[in-house]
Amino acid sequence: MGLTGQLFRRGLATVTYNTVNPPVKSFDPTCTLGPILHRACRATPDSPIKPSSYNLTDLQSIHKSPIIDLLFAAQHVHRLHHPANSVQQCTLLSIKTGGCAENCSYCPQSSRYKTPVKATPLMLQEDILKKAREAKERGSTRFCMGAAWRDMVGRKSNMKAITESIGRIRQETGLEVCCTLGMLDRQHAQTLKDAGLTAYNHNLDTSRAFYPKVITSRSYDERLKTLHNVRDAGISVCSGGIIGMGETVDDRLQLLQELAVVQPESVPINCLVPVEGTPLEKQELVGIWELVRMIATTRLVLPGSMVRLSAGRSRFTYPEQALCFMAGANSIFVGDKLLTTQNNAVDADEEMFALLGLMGKKPTHEKSIQEAETKAAALRSASTQAASAS
């Protein structure tokens, strides 16, 4: 029996971890962690903690906990909800680059800034399919397509091309398929759902308070509306944020409060990659301990979600990335580029997986859709009850 399949003892309590399937109930009542971390460790799949259970003071207490306690709690909760040592590999392809009308201060694809990124039209379907096949051969089980648009209004031919690509990728490769195309209305979301889309990414980026300092061309509520439309269509929700844009720790925690209400199945945690020509080009880089604390706190607040170690990973060493996995990250993006920024080399990630004993996660399109549809049904039911009560 491997180390993680053995019994772990703390005091008089015994905890059993499963290397293949997460245990249903496993909680150490005598753990010596602080009261908030102690409560966070009770979040089992059968007994989740409600989003409203964590106020900002609670999250501050979790985030500033002694790092060993924080890592222990995060990994404990992680193994209650996810297979140990399993990390999903994803590929993110920019299928339409640059020329975006938005003014996101971090983004080199904005047409408002003079950056090295050049605008290109939508990729041909066969070229996209080729990239998807290559991604599968490299071990990816999720294929994400990103287009630099504000929204899908007036893009009928583009939507048709993208939905055809989604269908072919699902049919020909079996990969999970995710898109990030800007804001969606309800009809756009339903069209993507009908095409077979697994997930849709639309990041909240930061707290509601700090958001206007980064973006003014679309509102925070517009982002939440898109997430609502995605959820209502029964598509798996992918939404996270970026740290290192000049925000405070409280801004990061308030972002997690917003995400706790949305309950996304997938949460990308990005470190800002400063790009020449953008307003944030001279921003100081995020340190590893800031990232680790953010990931661990995210894992405790959203125990059942996939936590994706995303942009900015390329400058961290294997030991530093190992800390991120210990903190609860269970997904990375592979390939030399992440949209338009540098990413880790494929052979380097293969070496890291072998060194750390990590295993790739199999695609779970059907399970993801089932979970998304269940949440969508619950959302509709809650809305109906609220309307009836009023």
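## A glycine in a loop

G287 is found in the loop that runs between strand 9 (266-271) and helix 9 (288-301); helices (H or I, at least four residues) and strands (E, at least two) are DSSP runs, numbered from the N terminus. With 28% relative accessibility, G287 counts as partly exposed, on a scale where buried means under 20% relative accessible area, exposed over 50%, and partly exposed in between (1.4 Å probe, protein chains only). C-alpha to C-alpha, G287 sits 9.2 Å from C271, and the two are 16 residues apart in sequence.

This is a predicted model, where local features need pLDDT of at least 70, side-chain atom pairs count only at pLDDT 80 or more, and totals for chains, interfaces and linings use all residues. Residues are numbered from 1 along each chain as its sequence is written, and side-chain values use heavy atoms, with hydrogens and water left out.

## The chain overall

The chain has 12 helices and 14 strands. Of its 390 residues, 55% are buried. Take the contacts (heavy atoms within 4.5 Å) between residues at least 6 apart in sequence: 74% of them join residues at least 24 apart.

Two packed helices are described by the angle between their axes and the distance between the axes. Here axes are lines fitted to C-alpha atoms, for helices over the stretch in contact, and angles run from 0 to 180 degrees between N-to-C directions. Helix 6 (residues 186-195) and helix 7 (residues 220-233) have axes that come within 9 Å and cross at roughly 40 degrees. Helix 6 and helix 7 are therefore oblique to each other (under 35 degrees is roughly parallel, over 145 roughly antiparallel, 65 to 115 roughly perpendicular, and the rest oblique). Their crossing is right-handed, meaning that the near helix is turned clockwise from the far one by less than a right angle, with anticlockwise being left-handed. R186, A189, Q190 and K193 of helix 6 meet N229, V230, D232 and A233 of helix 7. By class, that contact has 3 nonpolar, 2 polar and 3 charged residues; Ala, Val, Leu, Ile, Met, Phe, Trp, Tyr, Cys and Pro count as nonpolar, Asp, Glu, Lys and Arg as charged, and the others, Gly among them, as polar.

The axes of helix 10 (residues 318-326) and helix 11 (residues 346-356) come within 11 Å and cross at roughly 65 degrees. Helix 10 passes helix 11 in a right-handed crossing. On the helix 10 side the contact uses Y318, Q321, A322 and F325, and on the helix 11 side A348, E351, M352, L355 and L356. The class tally for this contact is 7 nonpolar, 1 polar and 1 charged.

## An aromatic pair

Searching the whole structure turns up 1 aromatic pair. The ring centres of Y211 and Y220 are 5.2 Å apart and the planes are at 75 degrees, so the pair is edge-to-face; rings of Phe, Tyr and Trp (its six-membered ring) pair if their centres lie within 6.5 Å, with planes under 30 degrees apart stacked, over 60 edge-to-face and the rest tilted. Y211 and Y220 are both buried.

S86 belongs to strand 3 (residues 86-96) and, at 13% relative accessibility, counts as buried. Its C-alpha is 5.7 Å from that of K361, 275 residues apart along the chain. Leaving out residues up to four places away in sequence, S86 touches N330, M359, G360 and K361.

Most residues other than glycine have a negative phi. N85, in the loop between helix 3 (67-81) and strand 3, has a positive phi of about 65 degrees although it is not a glycine. Q263, in the loop between helix 8 (249-262) and strand 9, has a positive phi of about 55 degrees and is not a glycine either. N85 counts as partly exposed at 28% relative accessibility, and Q263 counts as partly exposed at 28%.
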